Amino acid sequence: MSFSVEKPGSPSPPPSVKKRTPRWSELWLKNSKKPLKNHVVFTMQLQPPTPTPTPTTKKFSQTPTPNLPKSDPITLLPDHLLLNILSKLPDSQRNPNSLVCKRWLNLQGRLVRSLRLFDWQFLHSGRLLFRFPNLTHVDLVSGCFFSPRNSGILLSHRVVSVHIGSGFSKSWKVCEDSLLPVEVVDRGLEVLASGCPNLRKLAVIGASELGLLSVADECLTLQELELQNCNDDVLRGIAACTNLQVLRLVGNVDGFYSSVVSDIGLTILAQGCKRLVKLELCGCEGSFDGIKAIGQCCLMLEELTIRDHRMDGGWLAGLSYCENLKTLRFQSCREIDPSPGPDEFLGCCPALERFHLQKCQLRDKKSVRAMFMVCGAVRELVFQDCWGLDNDMFSLAGTCRRVEFLSLEGCSLLTTEGLASVILSWKELQSLRVVSCKNIKDSEISPSLSTLFSVFKELKWRPNTKSLLPSSLVGTGMGKKGSKFFKRM
Amino acid sequence: MANNGENPSPDVGGKTVKLKADDGEIFEVEEAVAMELQTVKSFFDDDGVSYDTVVPLLNVSSTALAKVIQYCRRAVELRAKSGDDEGANEKAREEREGLEAELVREESDEGIKELILAANYLNIKDMLSFLCRAVGDRIKNKSVEYVRRFFVLENDFSPEEEERTRNEVAWAFEGVDAD
């Protein structure tokens, strides 16, 4: 089909047309300049982004079919369709797909949102931002270390893992030897911030407040932050992160690094991050004043996790200022509170619903008692692998009158009688879970206890299991002690 | 396969629309079916365009157009069947999925590519969606070479660039599953 077409006067640059639907009727019926532009634009839409120059603007053949080679029409697929196809492929195929051709490297990179960095140079050179323009979650912690590439040694802690060389320092200052200098980390943060305006989650170690400020300036959507090797000075930059909701501060990790987060830092944090919902303090110092400041300023705080703390005595009472706190966790705490202070000043967290204790030492009666008083309103109580929880200590939990769910795991000092004396007094108790508590014996269950069990909504009673073997390993002899494990071949 | 004679005009006196493929072959389809093709719909949305006008679809081959029309016809029928009744909806959905699977199963790689280009050109959202999925299935877990052959792509990396990209993948970063 042919029609006569007015040649365009001069090849004007086509307007940006992503949103414009092509008007066919204009194209074919109305003989005006406008449709030609649209046609050019429409054709251009079908072109792949790779720079293959096609002279569609200059000359028009009689039939306005796009001047594209017939042999590979699939290159006409626009980006959004290819992205659609690529996004449905498994993650394992991302890396091979990136090697198909340059266009695919670009497209595949656009689909990646979360990344963990290992090589700082990849960020510093700008290559990270070039390849992955749409990042929202970035974990830089592993990249902040000088790590030998082929190291077979992974030194791992709950919050940080690093590959180390076999010649690492004898004084166990792993991090101090191999952390990148502060200026380098700050510069990297600056580069990252400039290229990731939509950053939502960031984890970094060894930054200073300058690096943090550059992130805060550019990445207004930053919601989650993890700062390792953090000290009071670094926290000066945190007030600029106005949308921060989730924060984890790691001051001290034994054997890795040691920095001090004290009341000063906690107060700065409290005053700057009023929108905080979830806070985790690992290896931090501080005292009543710091916790009180957080409670008074961070009114939306719902979850607080205290791990391996080094806080001064009397800090527990500060928790009662956290009026919206719903979940409280103590993890790996060597002591709860050496001197909690008089009862009348302890207070109680009014909105607390869940209290979880993991791997804590509960050996000091005074502090455990104070702890239960502060958490008196709790509905869900979970003990996991805690030391020192004998009958006496557990009886202090009777202060919590509203418990509806209790979970005990790995509490080897508690006996059935000790358990019974508390839970029989809990009128609201509906669910119970007892796993791997070797001194709780089935034979000691009293009639009143079994009556109580029968009315529970949920009951998981496995005090004798040492560990639960996955069903795939049953029968292989794994988990059995001694000679039975090693069979004669 | 398809030609004029295959499209009986509905008795209701519903309008039909004429579509012309790249080789000049003309397909007469019911209006409802033709409007599934957004490109055609836009063509007629304009004022003053009568429905008698033949719509030229110069980027679509007659084989592809025939299949598209066949799919859209069935899709329109199935949509009419499903109403408020959940059971009927469910059945219609299953039938449609069966239709899509059948269409895709019979196609060669070339055929699928041609169809997806046609569906893109004609702007048919549903068809594009399952065709993309079908293409994805065909290249899932396939090697780089296979993917290049499928899409007829050339490796335009220089050896240094390719080496650098491989190194980056091995040492520099690791993708993390989103929460």
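**Notebook: chains A and B**

I began at A:Asp308, which is buried, with a relative accessible area of 13%. For burial I used under 20% relative accessible area as buried, over 50% as exposed, and partly exposed in between (1.4 Å probe, protein chains only). The model is predicted, so I kept to its rules: local features need pLDDT of at least 70, side-chain atom pairs count only at pLDDT 80 or more, and totals for chains, interfaces and linings use all residues. Residues are numbered from 1 along each chain as its sequence is written, chains are lettered from A and ligands numbered from 1 in the order in which they are written, and side-chain values use heavy atoms, with hydrogens and water left out.

**Two aspartates in loops**

I placed A:Asp308 in the loop between β11 (303-307) and β12 (327-331) of chain A. Helices (H or I, at least four residues) and strands (E, at least two) are DSSP runs, numbered from the N terminus. The phi of A:Asp308 is near 45 degrees, a positive value in a residue other than glycine. Most residues other than glycine have a negative phi.

I then looked up A:Asp385. Its phi is positive too, near 55 degrees. A:Asp385 lies in the loop between β14 (380-384) and α14 (391-395) of chain A. It is partly exposed, with a relative accessible area of 31%.

**A:Lys201**

I found A:Lys201 in strand β5 (residues 201-205) of chain A. A:Lys201 counts as partly exposed at 26% relative accessibility. A:Glu226 is 25 residues from A:Lys201 in sequence and 8.3 Å away in space, C-alpha to C-alpha.

**Chain A as a whole**

I noted 16 helices and 17 strands in chain A. Of its 489 residues, 47% count as buried.

**Where chain B meets chain A**

I took contact to mean heavy atoms within 4.5 Å. The contact takes 50 residues from chain B and 56 residues from chain A. The area buried between the two chains is about 4900 Å², with 66% given by carbon and sulfur atoms. Buried area here is the accessible area (1.4 Å probe) that two parts lose on being put together, summed over both.

I looked for salt bridges (a side-chain nitrogen of Lys or Arg within 4 Å of a carboxyl oxygen of Asp or Glu). The rule finds four across this interface. One joins the side chains of B:Glu174 and A:Arg116, at 2.5 Å, N to O. On the side of chain B that touches chain A, α8(B) gives the most, with nine residues.
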